[in-house]
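The stops below are meant to be selected in order.

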Amino acid sequence: MISVCSIRTAVALGLLFVLTGCASVQPKVAQPYSVKIADLLSGKGILGHTVTDAELPQYDLFYVSPEMEAFAKKAIHHGETYFEKVKSLHVALLSSSEATGGRGIAYSAYFTEPPVVTFAERRANCLSFTLLYVALARSVGINAQINEVEIPPTWDLRNRKEMVFLRHVNVKVPMSRENPNILHNDDVVIDLEMDRYRSNYTQRNISDELAAAQFYSNRAMEYLESGNLKDAFLSLRKSISLNDQQSYIWSNLGAVYSRKLMWHEAELAYLHGLELNAEDLTVMNNLSYLYRQTGNNELAAKYFKLAQHYRESNPFYQYNLSLSAFDQGDYPAALQFVMRAIDREKNDSRFYDLAASIYEKQGRDTKAEAMRKKVKKLKPMEPYKDPSMETSSANK
């Protein structure tokens with residue numbers, strides 16, 4: 001196996017966004033939208049006019065330039081077997097050795113780019129890296145496929161009101177002529193973040209079209225994080241045009257409307273997401289937030305209760321509660337919340353830093369110093385480990 005990465009959904013602490021990965025793979029069903037949903041997708045409230053197809057972003061996500069193809073051919077040149085060619089291409093992408101012609105792709109969670117840009121800028125999140133490897137591999141005859149991986153719940157805190165819920169994709173190269181949609185013992189998995197990948201995670205192939213829908217959804221959340229609501233909407237509109245059956249993409253659309261305080265439109269998007277997946281806890285969380293903002297306490301409580309265990313398992317939610325308690329001078333409560341966060345995520349230095357501050361406020365200097373030592377021991381995550389590969393099997 002080789003390494004792992006991220007796809008995003010927006011979640012409310014506030015809001016929750018989903019970044020790639022994806023939900024369960026479902027075929028796109030052609031069906032007319034209701035009048036209300038059609039109006040939601042028109043974008044009038046954000047763009048000031050009805051969106052046109054010409055306005056939607058368009059990237060060739062599998063384009064390979066002559067320079068990229070030459071790189072791929074050189075990378076696999078000395079591979080005598082199919083397996084060795086698969087491995088050599090991965091090593092060449094991650095290795096920074098100029099002597100071997102390595103590309104030195106480094107991990108960066110915040111940029112989702114098409115392969116031609118990823119190749120040029122030498123940085124990638126899991127989706128960008130997956131698209132790059134697949135495009136290069138196919139250009140030299142390797143049957144690389146996009147593989148969805150159900151990793152444990154993972155979040156990233158972007159600010160004190162919004163989080164990103166991370167999902168994951170990587171690459172699968174079948175070594176068997178049997179059903180290509182099932183991961184076999186002799187199939188090769190290629191992943192950008194090895195620490196987060198385990199062979200027993202449930203995983204499945206997804207189509208190029210669904211991967212493209214995830215790409216545009218990721219781009220939308222990156223625009224949203226920078227306050228660019230127009231391009232966030234256009235990217236999500238493009239995503240939905242490619243696959244309209246993913247609840248998390250509709251949840252992200254609701255997050256865009258929420259940012260503009262267009263609560264009715266946001267509610268429509270969230271509720272449509274629940275129609276597609278009645279068990280989507282990120283949608284329930286965001287609905288609870290929306291109803292709190294609009295004063296509908298009964299519905300806020302309903303969805304809050306439905307998503308409660310989701311919140312309790314979320315270390316950043318506990319961290320946010322700790323921050324709020326700390327700001328109010330309630331240090332015992334702040335300590336309780338931050339220790340819950342640490343129990344759920346032991347490698348985030350922000351949690352230990354906050355714990356140290358709480359202990360200092362309580363006059364517990366020895367405890368505070370212990371937390372400061374934890375902060376110093378935690379190093380930034382390496383962009384990637386030395387490439388390695390092994391065969392992997394999935395849960396059926």
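**Before selecting**

This is a predicted model, in which local features need pLDDT of at least 70 and side-chain atom pairs count only at pLDDT 80 or more, while totals for chains, interfaces and linings use all residues. Residues are numbered from 1 along each chain as its sequence is written, and side-chain values use heavy atoms, with hydrogens and water left out.

**Whole chain**

Color by secondary structure: the protein has 17 helices and 9 strands. These are DSSP runs numbered from the N terminus, with helices being H or I of at least four residues and strands E of at least two. Of the 396 residues, 54% count as buried; buried means under 20% relative accessible area, exposed over 50%, and partly exposed in between, with a 1.4 Å probe and protein chains only. Among contacts (heavy atoms within 4.5 Å) with a separation of 6 or more, 68% join residues 24 or more positions apart.

**Helix α6**

Select residues 126-139, which form α6. The helix has 14 residues and spans 20 Å from first C-alpha to last, close to the 20 Å expected at 1.5 Å a residue; the expected span is 1.5 Å times one less than the number of residues. Because 12 of its 14 residues are buried, α6 is largely enclosed by the rest of the structure. The buried residues include C126, F129, Y133 and A137.

**Helices α7 and α8**

Next select 208-225 (α7) and 229-242 (α8), whose axes come within 8 Å and cross at roughly 165 degrees. That makes α7 roughly antiparallel to α8. Axes are lines fitted to C-alpha atoms, for helices over the stretch in contact, and angles run from 0 to 180 degrees between N-to-C directions. Angles under 35 degrees count as roughly parallel, over 145 as roughly antiparallel, 65 to 115 as roughly perpendicular and the rest as oblique.

Show side chains at the contact: among them are Y216, A220 and Y223 in α7, and A232, L236 and S239 in α8. The contact residues divide into 11 nonpolar, 3 polar and 4 charged. Here Ala, Val, Leu, Ile, Met, Phe, Trp, Tyr, Cys and Pro count as nonpolar, Asp, Glu, Lys and Arg as charged, and the others, Gly among them, as polar.

Move to α14 (315-327) and α16 (349-361), which pack at about 25 degrees with axes 11 Å apart. The two are therefore roughly parallel. Their contact is made by residues including F316, Y319 and F326 of α14 and F351, L354 and I358 of α16. By class it has 8 nonpolar, 2 polar and 2 charged residues.

R122 has a positive phi of about 60 degrees although it is not a glycine, and at 37% relative accessibility it counts as partly exposed.

Finish at L261, in the loop between α9 (247-259) and α10 (263-276). The phi of L261 is also positive, near 60 degrees, in a residue other than glycine. At 57% relative accessibility, L261 counts as exposed.
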